[in-house]
Amino acid sequence: TLKVEKILPGGQISNGVLESTLTNQGWVSNLTITTTGKLIGGTVTGYIKNQGVMQDFEFRGMSIIGGSLGGNLQNTSRVGGFFQDVTFLANTHLSGGYLKGTIKGDKNAPALLEQVRVKRGSHLSGVKLGKGVKLERGVIVEKE
């Protein structure tokens, strides 16, 4: 279990469990974020199991599965990194990468997706499709 509140620029943490709020100005990788955990900022990599909240970060890893994502998100992964079965908070902006599974946003303040590829069989609701979004076959997009 992580006992830090802040990671400074150049700092790194990996293979931990986050149960509280962590402000990240460095790198985190391979985290499990519990329902009480919140990660804000920085670079995220590896495999993330999320039941909490993640905001305003750059993703360079393999997967983020579950939880809530918010703010300004950039997926710059070079290994096909994806977000799966996530809920976007109001007015989230996601640029880049892949989405799969059940993706939910706020119907009153939908998430904006740009330069994203949505994998086959996914189900989207509460999102706006912006520039460069590609939908594979069988993707369902609920219209508001």
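## A tour from loop to core

Start with the loop between strand 2 (12-14) and strand 3 (17-18), and select Asn15 there. This is a predicted model. Check the backbone of Asn15: phi is positive, about 60°, although the residue is not a glycine. Most residues other than glycine have a negative phi. The side is open here: Asn15 is exposed, with a relative accessible area of 60%.

Next, go to Gln115. It lies in the loop between strand 20 (111-114) and strand 21 (117-118). Gln115 also is not a glycine, and its phi is positive, about 55°. Is Gln115 buried, exposed or partly exposed? Gln115 is partly exposed, with a relative accessible area of 45%.

Move to Ser122, in the loop between strand 21 and strand 22 (123-125). Ser122 is buried, at a relative accessible area of 1%. What does its side chain reach? The side chain of Ser122 reaches the backbone nitrogen of Gly101, at 3.1 Å. Now show the surroundings. Leaving out residues up to four places away in sequence, Ser122 touches Leu99, Lys100 and Gly101, and also Gly138, Val139 and Ile140.

From there, pick Lys100. Its charged end sits over the ring of Phe82, 4.3 Å from the ring centre.

Now select Phe83. At 0% relative accessibility, Phe83 counts as buried. Beyond its neighbours within four places in sequence, Phe83 has contacts that include Ile64, Leu69, Asn75, Leu94, Tyr98 and Ile103. Lys100 is also in contact with Phe83.

The structure holds 2 aromatic pairs. Phe57 and Phe83 form a tilted pair, 6.3 Å centre to centre with 55° between the planes. Phe57 lies in the loop between strand 10 (53-55) and strand 11 (58-59), and Phe83 in strand 15 (residues 82-84), so this pair ties together parts that are 26 residues apart in sequence. Both Phe57 and Phe83 are buried.

Phe59 and Phe83 form an edge-to-face pair: 5.4 Å centre to centre, 65° between the planes. Phe59 is in strand 11 and Phe83 in strand 15, so the pair ties together parts that are 24 residues apart in sequence. Phe59 counts as buried, at 0% relative accessibility. Colour Phe57, Phe59 and Phe83 together: they form one aromatic cluster.

Finish with the largest nonpolar core, which has 32 residues. Select Met54, Phe57, Leu69, Phe83, Phe88 and Leu113, the residues with the most contacts inside it. In soluble globular proteins, nonpolar side chains tend to be buried together.

How values were computed. Residues numbered from 1 in each chain as written. Predicted model: local features only at pLDDT ≥ 70, side-chain atom pairs only at ≥ 80, totals over all residues. Heavy atoms only, no water. Core = buried A, V, L, I, M, F, W, Y, C linked by side-chain atoms within 4.5 Å. Buried < 20%, exposed > 50% of the residue type's maximum accessible area, 1.4 Å probe, protein only. Contact = heavy atoms within 4.5 Å. Helix = DSSP H or I, 4+ residues; strand = E, 2+ residues; numbered from the N terminus. Polar contact = N/O pair within 3.5 Å; in protein donor to acceptor, adjacent residues only side chain to side chain. Phe/Tyr/Trp six-rings, centres within 6.5 Å; stacked < 30°, edge-to-face > 60°. Lys NZ or Arg CZ within 6 Å of the ring centre and 35° of its normal.
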